[in-house]
Amino acid sequence: MTEQGVYLYAICRPEDAAGLAGSPGVEGSQVRVLDVGELSAVVSSVPLTEFGEEGLRRNLEDLRWVEAVARCHNAVVAECFRRGPVAPVSLATVWFDDDAVVSRVSTWQEQVLDALARVDGCTELGVKVYQRQDQEAGLKEPAPTASSGVGAGAAYLQRLKADTQRRESRSQALAASVEQVHHLLSEGAVASRRHPVQDPRLSGHAGQMVLNGAYLVGAQEVERFRGQVADVAADHPDLELELTGPWPPYSFVTLEAS
């Protein structure tokens, strides 16, 4: 018989975990619920051949495997979130048995209860901001080429200096514009967080990402926030804003297990 480990998806309140048992988990497993004091740990049993140390080291290099596991993981977290506040756990967090999960969640109890209270009634919205390609091209204008003749060297250096100053000015203006966008959106949110910008190969967008923001918004305020994003976009024609979500509050309460 294959040795089994315990995959932890998320932690929530017991009343919000009711009915989750038996729903589909990763790799065809079934979700179980472990009650830990005032909390419930949402788990499933998984083979350690795939989710043990060696298995994960191998599988995490397989993007198709990671995508399939992430999709199932997120589906379980989303179902928890549909029922109430949830503290997601980072992808592929596995323990050897139920007792180990219970022990760790017990040490997290105060932290998680505070987090659930903080995000109760809220959802996460993402805003990715891209520099429009015509503006991006302006920042990457080729330096002026040198010409021949008397005084050409000095003239070339002057043009080069002016070109550098112009590009620096545009770059500073862009940075200020991005900071203003984040500030305005943060004012309309309960909390906000900036993530590292994504490479175009990951974002799937042709333009250069200049802001990758996450905003915790009251569930009743989602439409208002959407309107705010539209207003900010209209005021910043040099930028393209992409709104995503709503999501479970991954950016604000995700637990990392050592």
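Mentor: Let's begin at the largest pocket, where S6 gives the most to the lining, with five residues. The model is predicted: local features need pLDDT of at least 70, side-chain atom pairs count only at pLDDT 80 or more, and totals for chains, interfaces and linings use all residues. Residues are numbered from 1 along each chain as its sequence is written, and side-chain values use heavy atoms, leaving out hydrogens and water.

Trainee: What makes a space a pocket and not a cavity?

Mentor: On a 1 Å grid over the protein atoms alone, a 1.4 Å probe fits in a cavity but cannot get out, whereas a pocket is an open set with protein on both sides within 12 Å along at least five of seven lines. The largest pocket holds about 740 Å³ of space. Its lining has 30 residues, and Glu124, His195, Gln198, Tyr250 and Ser251 are the closest to its centre. Each of them counts as lining because it has an atom within 4 Å of a point.

Trainee: Which helices and strands each supply at least two residues of that lining?

Mentor: Helices H4, H8 and H10 do, together with strands S6, S7, S8 and S9. Those names come from DSSP runs, H or I of at least four residues for helices and E of at least two for strands, numbered from the N terminus. The protein has ten helices and nine strands.

Trainee: Why is Gly37 called exposed?

Mentor: Buried means under 20% relative accessible area, exposed over 50%, and partly exposed in between, with a 1.4 Å probe and protein chains only. Gly37 has 66%, so it is exposed. This glycine lies in the loop between S2 and S3. Setting aside neighbours within four places in sequence, Gly37 is in contact (heavy atoms within 4.5 Å) with Pro14 and Gln109.

Trainee: What is Glu27 called, and what is Ala92 called, by their relative accessible area?

Mentor: Glu27 has 45%, so it is partly exposed, while Ala92 has 16% and therefore counts as buried. Glu27 sits in the loop between H1 and S2, and Ala92 in the loop between S4 and S5. Each has a positive phi without being a glycine: about 55° for Glu27 and near 60° for Ala92.

Trainee: How many residues does the largest nonpolar core have, and what makes it a core?

Mentor: It has 24 residues. They form a core because they are buried Ala, Val, Leu, Ile, Met, Phe, Trp, Tyr or Cys residues joined through side-chain atoms within 4.5 Å. Leu8, Val101 and Val112 have the most contacts inside this core, and its largest share, seven residues, comes from H5.

Trainee: Which residues does Val101 touch?

Mentor: Not counting residues up to four places away in sequence, Val101 touches Val6, Leu8, Leu34, Ala41, Val43 and Trp95. Apart from this core lies another, of 19 residues, including Cys12 and Val31. In soluble globular proteins, nonpolar side chains tend to be buried together.

Trainee: What share of the protein is buried?

Mentor: Of its 258 residues, 41% are buried. Among contacts with a separation of 6 or more, 73% join residues 24 or more positions apart.

Trainee: Which peptide bond is cis?

Mentor: The bond from Gly245 to Pro246, with omega near 10°. Pro246 has its place in strand S9, one of the strands that supply at least two residues of the pocket lining.

Conventions:
Points joined across faces, edges and corners; volume = space filled by probe spheres on them.
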